[in-house]
Amino acid sequence: MIRAFTNANVIDVIEQKIIPNCSVLVEDGIIKAIGAKVDTAGAEIVDIAGKYLCPGLFNMHVHTTLDANSQQLSTEADGIVNLILTAIENLGDYIKGGATFVRDVGSFDFIFDLRDAVNSGRIKMAPDMQLSGHSICQTGGTMWYSVSYEADGVDECRKAARKMIRAGADWLKIMGTGAVVTRFSRPDATQLSVEEIQAIVEEGHKVGIKSCIHVQNDLGARNAIMAGVDVLEHGFILSDETIQLMLEHGTWLDPTLSAPYCIAMRSTEKEFVEKASAARDNAFATFRKAYRAGVPCVISNDCGSPKCYHIDTSMELVLMVEQCGLTPFEALYVGTMNGAKLCSVDHMLGSITVGKKAHFAVFEKNPIVDINNVRNNVMTIKNGEILWKKD
């Protein structure tokens with residue numbers, strides 16, 4: 001199938017410019033040509049009508065099986081069928097929000113089959129996926145009752161990592177501190193020792209699998225960096241010394257700014273609101289400092305956490321610009337190319353480039369003029385196919 005997306009304003013996230021009045025020729029899902037004078041003879045024409053063609057967004061911290069409207073979060077007691085139906089509905093919401101690639105960092109084991117069905121094309125209305133399966137926590141640790149697998153001591157942690165790898169994990173997810181949305185949990189408390197974390201990381205690195213870790217305080221972040229973790233999830237409070245350590249070790253930050261912002265604003269659970277409110281301003285300040293220091297960052301909205309909706313990937317871009325001082329082009333690069341780099345798919349995704357896959361979000365108005373325009377995605381394209389179009 002040859003398809004031409006014409007009359008588009010193409011957002012070039014690499015060169016940080018907009019290419020006006022452009023056509024993008026796609027054959028069998030791959031971008032073949034870009035420009036004002038592309039030969040579109042014989043192609044099916046899709047008129048973008050002057051809208052803004054952007055690389056599909058990367059949401060790097062999702063919980064596909066969780067219902068964001070639930071204050072309790074899901075458990076396996078909800079039943080496999082209900083969890084699958086919830087997950088499929090949520091996959092469709094990512095697409096509606098312009099996300100064409102997600103990284104699930106805490107779900108139930110069955111989702112490996114769901115990922116494979118998505119990536120093989122069996123489930124169409126869904127972004128490409130990488131995932132961790134269960135996250136690994138200490139007994140009674142963060143999300144122990146939902147998407148985490150409990151392990152204590154170096155040997156149990158090593159075995160837990162091996163179980164996730166055996167199941168088909170693309171990532172290993174670790175719970176390194178307390179959390180906002182685990183009841184009676186303290187975000188300022190560390191969980192798992194450096195040695196326990198290191199055992200998990202080592203097992204993944206042996207087979208080329210990266211690790212990421214939930215950390216919401218500075219000591220937990222330092223423990224994780226010293227243990228060799230690849231990505232800090234949240235990292236709401238990071239000292240200058242810890243940020244320098246991240247630079248020295250090549251550690252990434254996934255700040256999930258949307259999570260404390262949305263929980264504080266929307267949740268009705270008093271404990272969650274109080275903890276999220278305390279984390280919110282720290283998160284903005286920390287991300288601003290880490291990004292300007294040169295720490296590589298990605299976007300995500302921790303969707304599936306209470307009141308963090310799966311359709312809401314673009315909220316993170318708005319917060320990065322309006323609360324943290326990034327330019328719209330900087331935020332879009334973080335939300336596209338950096339996500340592709342983190343997931344080692346930047347050779348095929350992350351920018352509108354000849355030879356890459358045709359994964360696009362289409363915004364009604366120019367997000368460089370006003371970043372809030374990313375909130376109005378009107379069409380999502382994956383492998384050159386229109387998966388969703390706003391009525």
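F58 and F101 are both buried, meaning under 20% relative accessible area, with exposed set at over 50% and partly exposed in between (1.4 Å probe, protein chains only). Keep in mind that this is a predicted model, where local features need pLDDT of at least 70, side-chain atom pairs count only at pLDDT 80 or more, and totals for chains, interfaces and linings use all residues. Residues are numbered from 1 along each chain as its sequence is written, and side-chain values use heavy atoms, with hydrogens and water left out.

Now the rings. The whole structure holds five aromatic pairs. Rings of Phe, Tyr and Trp (its six-membered ring) pair if their centres lie within 6.5 Å; planes under 30 degrees apart count as stacked, over 60 as edge-to-face and the rest as tilted. Here are two of the five pairs:

| Pair | Centre to centre | Between the planes | Type |
|---|---|---|---|
| F58 and F101 | 4.8 Å | 20° | stacked |
| W144 and Y145 | 5.7 Å | 80° | edge-to-face |

Strands (E, at least two residues) and helices (H or I, at least four) are DSSP runs, numbered from the N terminus. As for the other pair, W144 is partly exposed at 44% relative accessible area, and Y145 is partly exposed at 23%.

Strand β6 (57-62) turns up again around helix α9: the buried residues of α9 pack against β6, α7 (258-266), α8 (270-293) and α10 (328-335). Seven of the eight residues of α9 (residues 315-322) are buried, so the helix is largely enclosed by the rest of the structure. Among the buried ones are M315, E316 and L317.

Over in the loop between β15 (360-363) and β16 (377-382) you'll find P367. With 0% relative accessibility, P367 counts as buried. Leaving out residues up to four places away in sequence, P367 touches I11, Y52, P328, L332, N373 and V374, where contact means heavy atoms within 4.5 Å.

And the backbone? Most residues other than glycine have a negative phi. D302, not a glycine, has a positive phi of about 50°; D302 lies in the loop between α8 and α9 and counts as buried at 7% relative accessibility. N383 also has a positive phi, near 55°. N383 sits in the loop between β16 and β17 (385-389) and is partly exposed, with a relative accessible area of 33%.
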